[in-house]
Amino acid sequence: MTPQLRFYTNPMSRARITRWMLEETGLPYDEVQLEFGPSMKSPEFLAVNPMGKVPALVHDGVAITENAAICLHLADLVPELGLLPPPGTPERGACYRWMLFASPLEFFITARRHGTIAPSMEAGYGNEADLLRTLEGAVAGKRYLVGDRFTVADLYIAAFIGYYIQIGELEPRQVFQDYAMPHLQRAAAQRANDRDDALARPASKPAQDEAH
């Protein structure tokens with residue numbers, strides 16, 4: 001039975017990662033676009049995600065939030081695509097590792113941007129040198145993070161690398177670009193970007209009537 005999926009999103013948010021994953025699965029889904037502010041804090045959406053933020057996915061009436069959780073769940077819905085290695089294998093554990101590594105990386109970059117970096121012994125993200133050495137070591141000379149095929153971990157890490165290079169928060173080292181760019185050019189990634197770019201584009205203003 002095809003799952004009933006409803007995707008809550010905003011094209012200027014991290015929900016772009018979930019859309020890419022949805023496109024990779026090929027599963028049909030409904031989408032609900034929410035604006036920042038009142039619509040994300042409405043009682044209707046808070047019943048889906050009490051945090052009042054996107055992305056959120058409702059699968060057959062059950063709400064799933066947090067990008068990594070959504071992407072991992074979607075991978076499990078299409079086991080035939082191999083977006084996650086089989087349960088119980090070391091490779092599956094490695095996928096979990098890199099998916100969850102993205103969180104301290106993001107926390108650090110956000111803290112650095114706002115000048116609120118915590119002492120490395122207290123912060124879950126450690127320090128910049130360790131983070132970047134770990135990221136570079138994970139992708140250097142590799143096409144895939146885990147095994148010999150594209151997985152959800154590649155999607156997730158490539159999306160973060162691409163975004164943070166784009167906004168100038170991650171040094172555009174060649175090792176990062178060599179790894180991420182081929183994944184960002186996948187057909188599913190392009191479809192997702194096209195859809196979100198179209199949603200983000202301001203509606204064209206109608207031409208003014210020149211008759212007076």
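**Reading the model**

Tutor: Let us begin with a loop: Pro-55 is located in the loop between α2 (43–46) and β3. Helices (H or I, at least four residues) and strands (E, at least two) are DSSP runs, numbered from the N terminus. Val-54 and Pro-55 are joined by a cis peptide bond, with omega at about 10 degrees.

Student: What conventions apply to the model?

Tutor: This is a predicted model, in which local features need pLDDT of at least 70 and side-chain atom pairs count only at pLDDT 80 or more, while totals for chains, interfaces and linings use all residues. Residues are numbered from 1 along each chain as its sequence is written, and side-chain values use heavy atoms, with hydrogens and water left out.

Student: What is the mean pLDDT of the protein?

Tutor: pLDDT is the predictor's confidence in each residue, from 0 to 100. Here the protein has a mean pLDDT of 93, and 95% of its residues reach 70 or more. Over residues 203–212, however, the pLDDT is below 50, and beyond near neighbours in sequence this stretch has 0 contacts in the model. A contact means heavy atoms within 4.5 Å.

Student: Is Glu-23 buried or exposed?

Tutor: The classes are buried (under 20% relative accessible area), exposed (over 50%) and partly exposed (in between), with a 1.4 Å probe and protein chains only. Glu-23 belongs to helix α1 (residues 15–25), and it counts as buried because its relative accessibility is 19%. Leaving aside neighbours within four places in sequence, Glu-23 contacts Tyr-29, Ala-188, Arg-191 and Ala-192.

Student: At roughly what angle do the axes of α1 and helix α8 cross?

Tutor: Two packed helices are described by the angle between their axes and the distance between the axes. The axes are lines fitted to C-alpha atoms, for helices over the stretch in contact, and angles run from 0 to 180 degrees between N-to-C directions. The axes of α1 and α8 (residues 187–200) come within 8 Å and cross at roughly 135 degrees. α1 is therefore oblique to α8. By convention, angles under 35 degrees count as roughly parallel, over 145 as roughly antiparallel, 65 to 115 as roughly perpendicular and the rest as oblique. The crossing of α1 past α8 is right-handed; a crossing is left-handed if the near helix is turned anticlockwise from the far one by less than a right angle, and right-handed if clockwise.

Student: Which residues of α1 meet α8?

Tutor: From α1 they are Arg-16, Arg-19, Trp-20, Glu-23 and Glu-24, and the residues they meet in α8 include Ala-188, Arg-191, Arg-195 and Asp-196. By class, this contact has 5 nonpolar, 1 polar and 8 charged residues. Ala, Val, Leu, Ile, Met, Phe, Trp, Tyr, Cys and Pro count as nonpolar, Asp, Glu, Lys and Arg as charged, and the others, Gly among them, as polar.

Student: At about what angle do α4 and α6 pack?

Tutor: The angle is about 15 degrees, and the axes of α4 and α6 are 8 Å apart. α4 is therefore roughly parallel to α6, and their crossing is left-handed. The contact is made by residues including Trp-98, Met-99 and Ile-109 of α4 and Tyr-156, Ile-157 and Phe-160 of α6. By class, there are 11 nonpolar, no polar and 2 charged residues in the contact of α4 with α6.

Student: Which residues does Arg-92 touch, not counting those up to four places away in sequence?

Tutor: Arg-92, a residue of helix α4, is buried, with a relative accessible area of 7%. Beyond those sequence neighbours up to four places away, Arg-92 touches Asp-76, Leu-84, Pro-85, Pro-86 and Pro-87.

Student: What covers the buried residues of α3?

Tutor: The buried residues of helix α3 (residues 67–77) are Asn-67, Ala-68, Ile-70, Cys-71, Leu-72, Leu-74 and Ala-75. The covering elements include β1 (5–9), α1, β3 (56–59), β4 (62–65), α4 (90–113) and α6 (152–166).

Student: What is phi of Asp-60?

Tutor: Phi of Asp-60 is near 50 degrees, a positive value in a residue other than glycine. Asp-60 sits in the loop between β3 and β4 and counts as partly exposed at 47% relative accessibility. Glu-66, likewise not a glycine, has a positive phi of about 75 degrees. Glu-66 occupies the loop between β4 and α3 and is partly exposed, with a relative accessible area of 38%.
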